[in-house]
Amino acid sequence: MSRATADTTPGGETAADGEISAGGESAAVGAAAGEERFLRTGFPLRRLLSRPELGSVVGAIAVFCCFALVADGFLRASSLGTVLYASSTIGIMAVPVALLMIGGEFDLSAGVLVTSSALLSSMFSYQMTANVWVGVGVSLLVTLAIGAFNGIMLARTRLPSFIVTLGTFLMLTGMNLGFTKLISGTVSTRTIADMEGFAGARALFASTFTVGGVHLKVTVVWWLALVALGSWILLRTRAGNWIFAVGGNERAARAVGVPVARTKTGLYMGVALGAWICGQHLLFSYDVVQSGEGVGNELIYIIAAVIGGCLITGGHGSAVGSAVGALLFGMTSKGIVFAEWNPDWFKFFLGAMLLLATLLNTWVRRRAEAVK
């Protein structure tokens, strides 16, 4: 027998109280962690059928082949760069949103938080006549604080994440518009392109580089880095076990000592980090920010995560799947343009993909449970 170290979370809970059997936590949490970890042995077909991103990969291949056949310009290098850029701006947020959904929660404030982050950087830098990096740093701190607020409120009040983040969404929407009008007198910020540090910040958040004749935005690098980081957290760290556990069965996870409130707060702060990256890209790409942007984008992030294999009920999904879901979104949105179809049909295809992906993910989940 061994005593676990007590760990108090923002929700006032204790990570472990008293004696637990050696290996008890890992056994219980591992059972809740799901398909990401348990299928390391067995037949390759069984492992393949249990991958949460299987449906999105099949869908992405089908969409790619479709547009490659019907759209003459879809396979051009310039088109590839456009598709990857559209995918990356969704994918940067889809990764942390996917991890949050695996943990069993939602964040309806994710879209407007991107705009809030950009507004903070711009207005603080302009009003304080400081180096833009000061505004970027302040924006990071405030954005992470908003993410922590969502997680702590969830833990303290025990309200559904839908209600908590809907409240944050409405507050941020009003603050974005109210503060922008109060400070600048209009609904957009003033340009900071002539301020010290702007060129360096643009290079980090909004630059373009060329690989093999394809012009790529730096957001693609941010996206791939977040996918790698998210996969490492889920598959190689104790925190990954905790994420799957709280999403699969929160009560059981808490019973074996998982710091549920701390885990969920960390996930909300992860979403805030993604929003900060996207917000800085938005600001340094266009110099100014419209205060009303971002509303509705939170649904796109959730759709990308669901298409990528995340279940609405939590406990199942992957970072790679969210990346494939974002890629599928990018291919569809730009492929319709390249094929010269009526863009009014885009949301129809998006809804159809969402339904098909949800049905396929449910089937994959059942197959995974059958081979346990």
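User: How much space lies in the largest pocket?

Analyst: The general idea goes like this: rolling a probe the size of a water molecule over the atoms shows where empty space is left. In this predicted model, the largest pocket holds about 430 Å³ of space.

User: Which residues lie nearest the centre of the largest pocket?

Analyst: Look for Thr 89, Ile 90, Leu 282, Asn 297 and Tyr 301, out of 18 lining residues. Helices H5 (77–102), H6, H13 (260–286), H14 (297–307) and H15 (319–338) each put at least two residues into that lining. Sort the lining of the largest pocket by class and you get ten nonpolar, six polar and two charged residues.

User: And what about the second largest pocket, how much space lies there?

Analyst: About 340 Å³. The second largest pocket has 19 lining residues, and Gly 59, Val 63, Leu 328, Met 353 and Leu 356 lie nearest its centre. H4 (54–70), H15 and H16 (346–370) each supply at least two residues of that lining, with H4 giving the most, eight residues.

User: How does the lining of the second largest pocket divide by class?

Analyst: It's 15 nonpolar and four polar, with no charged residues. The largest pocket, for its part, has two charged residues in its lining.

User: Which residues line the largest cavity?

Analyst: Ser 122, Met 123, Tyr 126, Gln 127, Ile 183, Ser 184, Thr 189 and Arg 190. H6 (110–127) and H8 (161–184) each bring at least two residues to that lining, and the largest share, four residues, comes from H6. By class, the cavity lining has three nonpolar, four polar and one charged residues.

User: Last one: at what angle do H7 and H9 pack?

Analyst: H7 (residues 132–157) and H9 (residues 198–205) pack at about 45°, and their axes are 8 Å apart. That angle is why H7 counts as oblique to H9. The contact is made by Val 132, Trp 133 and Val 136 on the H7 side, and by Phe 198, Gly 200, Ala 201, Leu 204 and Phe 205 on the H9 side. Seven of these contact residues are nonpolar, one is polar and none is charged.

Notes: Residues numbered from 1 in each chain as written. Predicted model: local features only at pLDDT ≥ 70, side-chain atom pairs only at ≥ 80, totals over all residues. Heavy atoms only, no water. 1 Å grid on protein atoms, 1.4 Å probe; cavity = no way out; pocket = protein on both sides within 12 Å on 5 of 7 lines; lining within 4 Å. Nonpolar A, V, L, I, M, F, W, Y, C, P; charged D, E, K, R; others polar. Points joined across faces, edges and corners; volume = space filled by probe spheres on them. Axes fitted to C-alpha atoms, helices over the stretch in contact; angles between N-to-C directions. Parallel < 35°, antiparallel > 145°, perpendicular 65-115°, else oblique. Contact = heavy atoms within 4.5 Å.
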